Number of protein chains: 2
Amino acid sequence: MKSPRQPPELTEAEWAIIKAVWKREPCAAPDIQEELAGQKGWAYSTVRTLMDRMVRKGYLVSEKIRHMDLYRSAVTPKQAQKAELLYALKHAFDNALTPMVQRLLETRELSPTELEELETLIRERRKQAAAKKPERRQDHEHLD
Amino acid sequence: MKSPRQPPELTEAEWAIIKAVWKREPCAAPDIQEELAGQKGWAYSTVRTLMDRMVRKGYLVSEKIRHMDLYRSAVTPKQAQKAELLYALKHAFDNALTPMVQRLLETRELSPTELEELETLIRERRKQAAAKKPERRQDHEHLD
DNA sequence: TTGACATATTTACAGATGTAAAGAATACTT
DNA sequence: AAGTATTCTTTACATCTGTAAATATGTCAA
């Protein structure tokens, strides 16, 4: 037996699908087929199969409206992104966050703007952390 | 046909293997089997199969020394980490780096130390970038 | 040389994934 | 009502992954 990449752990094809769903939900399979026709050129049945499998996995939900199946996402972008990051963090970096960011910075040339954004990001965090210093953290707005 | 997650794109099992190889290379399959016996409890033949597949995929190389097969990694940790990051960056974040870091910061509670490390990291980068400002970038020590 | 080990090779098999054709059902148009 | 377009359902199949038993083969100690 295998432990399938925990909660949302998407494959490349699944990422394509769910991104299209996020963009147009609630939506029918043919919508997604069209949406992806350009990049993927998948046949309707392909898209459909993928979507139904994703329903079984809990990434999407579908409900039948008369003759049609309507799909919606069952995970938010946030959740899916987080899962992807956790996967990388765990396997490629043994959960060490700093090295991960470091490698990320080396991964491609950053524009001054990006660097600035990042610095601001971190500084904000630091301010926050400092502010709520005396608190027993563990539960914040982690409702995603 | 399918485009297999470009260059090094490792599965969970493969990550386990290659990390063990990095730790002990050059090494024989039984070494790795032992090394992972604890966490994974894989049979020798399992480890062996995985390793040989990884050779075919170009993640490892092996050479026969008399009666034994010696394995080495064919990709560096850096390369593998980078590939993993690129995968996440591309699929989960549409190549937008800042959002990725942002999500990463929300992904778990960061210690003040970590935050400080991160800030330093970015500041260093910024300094570098500023220094070599007038250069036509595109080619640095990106030999990984 | 004969076992006993250590190591390698072959073969298997279930489940996941990528991809889709063909056939069935429903709805829309004229 | 018949034909056409739309959507769904079934079935298929190759490849990849996780997992390993069984078998063979080379090595070394007695």
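Start with the salt bridges: there are 8 between chain A and chain B. Keep in mind that this is a predicted model.

Select A:Glu119 and B:Arg123. Their side chains form one such salt bridge, at 3.7 Å from N to O. Now widen the view to polar contacts across the interface of chain A and chain B. The rule finds 20 residue pairs, both partners at pLDDT 80 or more.

Next, colour chain A by element. On the side that touches chain B, two or more residues come from each of α1 (12-24), α4 (77-93), α5 (97-107) and α6 (112-131) of chain A.

Select the whole contact. Chain A gives 53 residues, and chain B gives 53 residues. The area buried between the two chains is about 5,500 Å². Carbon and sulfur atoms give 63% of that area. Then pick A:Glu12, A:Leu97 and A:Leu104. This trio supplies 12% of the area that chain A buries against chain B, more than any other three residues.

Finish on β1(B) and β3 (residues 68-73) of chain B. These strands pair in the antiparallel sense over 2 bridges. Which residue of β3(B) stands opposite B:Cys27? Pick B:Tyr71; this is the residue facing B:Cys27.

Conventions. Residues are numbered from 1 along each chain as its sequence is written. Chains are lettered from A and ligands numbered from 1 in the order in which they are written. This is a predicted model: local features need pLDDT of at least 70, side-chain atom pairs count only at pLDDT 80 or more; totals for chains, interfaces and linings use all residues. Side-chain values use heavy atoms; hydrogens and water are left out. Contact means heavy atoms within 4.5 Å. Buried area is the accessible area (1.4 Å probe) that two parts lose on being put together, summed over both. A salt bridge is a side-chain nitrogen of Lys or Arg within 4 Å of a carboxyl oxygen of Asp or Glu. A polar contact is a pair of N or O atoms within 3.5 Å; within protein, one must be able to donate a hydrogen and the other to accept it, and residues adjacent in sequence count only if both atoms are side-chain atoms. Helices (H or I, at least four residues) and strands (E, at least two) are DSSP runs, numbered from the N terminus. Two strands pair if DSSP finds at least two bridges between them.
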